Amino acid sequence: MWDFDHCDPRRCSGKKLARHGLITNMRVGQRFRGIVLTPQGQVPIAPCDDEIVQMSGLAVVEASWARLDDIPFGKIKSPHERLLPFLIATNPVNYGKPWRLNCVEALAAGFYITGHPEWAEVLLSKFSWGHAFYKMNGHLIERYRKCHTAAEIKAEEQKIQQEMADEARIRKAQKAEYDEGDLLRANPNHVGKGWKDTQSVDEDDEDDEDDEDDEDEEAEIDDVEALVSGLEQTDINA
């Protein structure tokens, strides 16, 4: 890795990997023949990059996302610069933020995508939160793993982002529909004569209709009884 000492040494994932002997530091200007994960890359890393990773390794730039303008990317030399596709950070600093992976997450993602999950897991195992990275991104990583070239990775990434945007619109519409429905629901905190809910009004209307029906039926019964009584009093032989 190229470490620009932007981060707190106690929280820097790159420095922690170095303390465990899992990564080495390189000088600015030092040439590296493996794959470098950098914001300056033009194409995403893909499964087809596996041969380069196995032969020459994988490198990252350890720096603050807020200070990328301070990085002399022109002096970070590699013929194989790559981007990472859409993934979500799970590190304590940027948890839940798309793209904002730290050093160990970037390396793990590169190893996962190129077919080396065991290498990724060794790196992540050094962090108490490391297991969360695959738990959060595993479904995305598996989709990228089914690709072969950078072009296929890019197309899959765009598809994923479109699906997420569509899901967000659906959730927003459902929430708006639910919130609108809440306006028609009685507030359980409002009780008393002044707060008669819609259901109660409907029930009262039904009761009134039932009473009217009962009165009509009683009237009809009275009419029939009167008719029968009249017939009994009539002298048919008269």
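**Salt bridges, strand pairing and cysteines in the predicted model**

The side chains of Asp166 and Arg169 meet in a salt bridge with an N to O distance of 2.2 Å, a salt bridge being defined as a side-chain nitrogen of Lys or Arg within 4 Å of a carboxyl oxygen of Asp or Glu. The structure is a predicted model, in which local features need pLDDT of at least 70 and side-chain atom pairs count only at pLDDT 80 or more, whereas totals for chains, interfaces and linings use all residues. Residues are numbered from 1 along each chain as its sequence is written, and side-chain values use heavy atoms, with hydrogens and water left out.

Both Asp166 and Arg169 lie in helix 6, three residues apart, which is about one turn of the helix; helices (H or I, at least four residues) and strands (E, at least two) are taken as DSSP runs and numbered from the N terminus. Asp166 counts as partly exposed at 30% relative accessibility, where buried denotes under 20% relative accessible area, exposed over 50%, and partly exposed the range in between, as computed with a 1.4 Å probe on protein chains only.

By the distance rule, the count comes to five salt bridges. One of them is formed by Arg143 with Glu156, for which the closest N and O atoms are 2.7 Å apart. This pair links distant parts of the chain, since Arg143 belongs to helix 5 (residues 131-145) and Glu156 to helix 6 (residues 150-182), at a separation of 13 residues. Glu163 also forms a salt bridge with Arg143, the closest N and O atoms being 2.9 Å apart, and here too distant parts of the chain are linked, with Glu163 in helix 6 and Arg143 in helix 5, 20 residues apart. Arg143 is partly exposed, with a relative accessible area of 23%, and Glu163 is likewise partly exposed at 29%, whereas Glu156 is buried at 16%.

Helix 6 also holds Glu157, which counts as buried at 4% relative accessibility. When neighbours within four places in sequence are left aside, Glu157 is in contact (heavy atoms within 4.5 Å) with Leu84, Pro85, Phe86, Trp99 and Tyr144.

Turning to the strands, five of the five residues of strand 3 (residues 58-62) are buried, so this strand is largely enclosed by the rest of the structure. Both of its faces are covered, as Leu58, Val60 and Glu62 on one side and Ala59 and Val61 on the other are all buried. Strand 1 (residues 2-3) runs parallel to strand 3 and is joined to it by two bridges, pairing being assigned if DSSP finds at least two bridges between two strands; in this arrangement Trp2 stands opposite Val61. Strand 2 (residues 35-37) pairs with strand 3 over three bridges, also in the parallel sense, and the bridge partner of Ile35 in strand 3 is Leu58.

Cys103 is buried, with a relative accessible area of 4%, whereas Cys48 is partly exposed at 36%.
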